[in-house]
Every structure is written in structure tokens, then in C-alpha cells.
Amino acid sequence: ELLGGSRISEAIVKLRHEVAGLTLEWVEVLAGAPWAGRTIGEAEVRTETGVSIVAMVHEGDARPSPGPDDRFEVGATVIAMGMAEGLEQLAARLSG
């Protein structure tokens, strides 16, 4: 269970892998953030940031390849891939 919420430790959450300009990043959804409670589709994540959401983990439930109807729940960890600038934009909207 690679993406299982029970297996993600604090060290892994902070891990960044860079491959040919792409970065894989873990971002926690915080209360009061602009996109907290919105769906991926409502937020227009790819259009706004150019980032792809790879998975979301919330309360031990891992959701690989989430779709446009999946919601950014407060306390969830969002695993995303993209360029550094887009990931910074995503983090600002989920944790800012």
C-alpha cells in the first residue's frame, strides 16, 4: 500500500523528488485556505497552476488519481506533481 495514509510519516510528507524539472510535493490543506472545502474541478487546479494532483490522503484514506469531484478536505494531504512555481501557487491556495 504505497499511498496508504497510515504509511505516510512526517519525514515523507516533507520529501521532495525532482525529476527533469518536475517536483513531487506533499501539501496539507489548512482551515481558512482559499481552496479548502472546494473540489478539484471548482478550483480549476490544472488551469490555475499547471499542477497535477496525484493523490489525496485524508483520515487514513488514500485516494490515488482523484477526479474533479474530489474535495480538498481540511487536514488532508495533497500529493501533487508539477513545476516549482505551480506547486508554490497550489501550496498558497491550500495552506495559505
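Predicted model: local features only at pLDDT ≥ 70, side-chain atom pairs only at ≥ 80, totals over all residues.

Trainee: Is G86 buried or exposed?

Mentor: Buried. Its relative accessibility is 6%, and the cut-off for buried is under 20%.

Trainee: Which residues is G86 in contact with, leaving aside its neighbours within four places in sequence?

Mentor: T49 and V51. T49 is 37 residues away from G86 in sequence, yet their C-alpha atoms are 4.6 Å apart.

Trainee: Okay, zoom out. How many helices and strands does the chain have?

Mentor: There are 4 helices and 5 strands. Along the sequence the order reads α-β-β-α-α-β-β-β-α.

Trainee: And what share of the residues is buried?

Mentor: Of the 96 residues in the chain, 35% are buried. The exposed surface comes to about 5,500 Å², and carbon and sulfur atoms supply 51% of that.

Trainee: What about contacts between residues at least 6 apart in sequence?

Mentor: In that group, 65% join residues at least 24 apart.

Trainee: Let's do the inside. Which residues touch the most other members in the largest nonpolar core?

Mentor: W35, V45, I53, F72, V78, L90 and L94. The core has 16 residues.

Trainee: Which element gives the most?

Mentor: α4, with 3 residues. There is also another core apart from this one, made of 5 residues, including L24, W26, A55 and I79. As a general point, nonpolar side chains tend to be buried together in soluble globular proteins.

Trainee: Back to V78. What does V78 touch, not counting residues up to four places away in sequence?

Mentor: Quite a list: E25, W26, V27, V29, I53, A55, M56, F72 and L94.

Trainee: Which residue in β5 is the bridge partner of L24?

Mentor: M81.

Trainee: New topic, aromatics. How many aromatic pairs does the count give?

Mentor: The count is 1 aromatic pair. The partners are W35 and F72, with ring centres 6.3 Å apart. Their planes are at 10°, so the pair is stacked.

Trainee: Where do W35 and F72 lie in the chain?

Mentor: W35 is in the loop between β2 and α2, and F72 is in the loop between β4 (61–64) and β5. The two are 37 residues apart, so to speak a link between distant parts of the chain. Both of them are buried.

Trainee: Last stop, H58. Where does H58 lie?

Mentor: In strand β3. H58 counts as buried because its relative accessibility is 17%, and the cut-off is under 20%. A polar atom of the H58 side chain lies 3.2 Å from the backbone oxygen of V74.

Trainee: What is H58 in contact with, leaving aside neighbours within four places in sequence?

Mentor: R63, E73, V74, G75 and A76. R63 is in strand β4.

Trainee: Which side chain does the R63 side chain make a polar contact with?

Mentor: That of D70, at 3.3 Å. Beyond four places in sequence, R63 touches V54, A55, M56, H58, D70 and R71.

Trainee: And how does R63 sit relative to V78, C-alpha to C-alpha?

Mentor: They are 9.7 Å apart in space and 15 residues apart in sequence.

Notes:
Residues numbered from 1 in each chain as written. Heavy atoms only, no water. Buried < 20%, exposed > 50% of the residue type's maximum accessible area, 1.4 Å probe, protein only. Contact = heavy atoms within 4.5 Å. Areas by Shrake-Rupley, 256 points an atom, 1.4 Å probe, with all protein chains shown as cover. Core = buried A, V, L, I, M, F, W, Y, C linked by side-chain atoms within 4.5 Å. Pairing = 2+ DSSP bridges. Phe/Tyr/Trp six-rings, centres within 6.5 Å; stacked < 30°, edge-to-face > 60°. Polar contact = N/O pair within 3.5 Å; in protein donor to acceptor, adjacent residues only side chain to side chain.
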